[in-house]
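These are my notebook entries on one protein chain. I looked up confidence, a helix pair and backbone angles, in that order.

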Amino acid sequence: MFTPLNGRSVVVTGGSKGIGKGIARVFARAGADVLIAARDEATLATAAADLGTEGAGRVETVAADVSKVADCRRIAATAVDRFGGIDVLCANAGVFPDKAFTELTEADVDEVFDCNVKGTMFSVQACLAALEASGRGRVIITSSITGPITGFPGWAHYGASKAAQLGFLRTAAIELAPKRVTVNAVLPGNIATEGLADMGPEYRAGMEAAIPQHRLGEVEDIGYAALYLATDEAAYVTGQTIVVDGGQVLPESPAALEGI
Ligand code: NAP
């Protein structure tokens with residue numbers, strides 16, 4: 001059995017919807033106190049009302065933009081103020097605007113890197129003192145299969161940012177090991193979120209056809225992987241990645257899925 005996570009303090013950036021909300025839901029059900037951070041206050045309030053009934057722990061919110069270092073520090077300070085410390089940081093906030101590489105501007109690349117890369121690095125840095133004080137600190141980054149393993153037209157800047165998160169992770173895992181803070185990542189495949197719904201039924205059908213399990217993942221599938229990495233029993237796992245994609249990256253050509 002895994003040691004229960006009741007009363008642990010968990011921060012989830014981008015926790016107001018999509019995968020982050022799924023991660024927050026899983027930790028709330030496990031009895032943790034969860035602080036969700038995102039920019040839009042109304043969405044945060046709706047999510048908190050929804051998640052607040054899930055477990056014995058508290059669900060709190062903070063409106064913050066992780067692309068701003070001062071906001072990252074405010075997220076950490078809020079968690080320490082409300083819950084007395086931070087045991088787990090799920091650095092999940094991310095943006096994925098699609099645009100052909102040939103059309104990309106400096107502003108397009110800055111937008112994606114400011115949130116996905118800088119936001120990840122500075123939210124970890126901001127939470128570090130509290131994570132170290134916990135004695136069993138956990139950082140769990142939401143990366144992606146896109147970039148580290150696969151490519152998709154329109155996501156050159158996004159894929160680069162998701163691969164950059166893993167470059168950060170591998171050195172951070174070494175530097176933070178003496179502080180007993182582990183740093184790992186979950187790499188989702190195609191997960192059913194509100195954002196994916198916006199991309200239309202054709203995109204969804206194409207994705208389902210390319211996945212050996214022929215279905216999209218649920219946001220909680222990412223939450224369960226994050227939950228494992230947060231346990232005491234995962235203390236010796238650091239600098240690693242877990243792909244959660246229904247087997248999407250496995251076929252070496254469309255022929256591998258014929259008859260499957
Ligand atoms: P989503 O549904 O659009 O949710 C994104 C969350 O991040 C929202 O809570 C959003 O709230 C918040 N956010 C965005 N920019 C922010 C910023 N600058 N500061 C603070 N919060 C911010 O996206 P998702 O699909 O769940 O994606 C979440 C993570 O999973 C991302 O890192 C993404 O790269 C990764 N991922 C997703 C998929 C997928 O299939 N959905 C696959 C692979 C990886 P506000 O807009 O109110 O700030």
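Entry 1: I began with Arg180, which lies in the loop between α5 (156–176) and β6 (181–188). Arg180 is not a glycine, yet I read a positive phi of about 60 degrees for it. I noted this since most residues other than glycine have a negative phi. Is Arg180 buried or exposed? Its relative accessibility is 59%, and exposed means over 50%, so Arg180 counts as exposed.

**Entry 2: a further positive phi.** I then looked up His214, in the loop between α7 (201–210) and α8 (219–230). Its phi is positive, near 50 degrees, and His214 is a residue other than glycine. With a relative accessible area of 35%, His214 is partly exposed.

**Entry 3: confidence.** I recorded that the model is predicted. The protein chain has an average pLDDT of 96, and 100% of the residues score at least 70. Where is confidence lowest in the protein chain? I found the lowest mean, 79, in helix α6 (residues 194–197), and the highest, 99, in strand β4 (residues 88–91).

**Entry 4: a helix pair.** I examined helix α3 (residues 69–83) against helix α4 (residues 106–134): they pack at an angle of about 35 degrees, and their axes are 8 Å apart. The crossing of α3 and α4 is right-handed. From α3, the residues that meet α4 are Val69, Cys72, Arg73, Ala76 and Val80. On the α4 side I listed Gly119, Phe122, Ser123, Ala126, Cys127 and Ala130. By class, I noted 8 nonpolar, 2 polar and 1 charged residues in the contact of α3 with α4.

Note on methods:
Residues numbered from 1 in each chain as written. Predicted model: local features only at pLDDT ≥ 70, side-chain atom pairs only at ≥ 80, totals over all residues. Heavy atoms only, no water. pLDDT = per-residue confidence, 0-100. Helix = DSSP H or I, 4+ residues; strand = E, 2+ residues; numbered from the N terminus. Axes fitted to C-alpha atoms, helices over the stretch in contact; angles between N-to-C directions. Left-handed = near helix turned anticlockwise from the far one by under 90°. Contact = heavy atoms within 4.5 Å. Nonpolar A, V, L, I, M, F, W, Y, C, P; charged D, E, K, R; others polar. Buried < 20%, exposed > 50% of the residue type's maximum accessible area, 1.4 Å probe, protein only.
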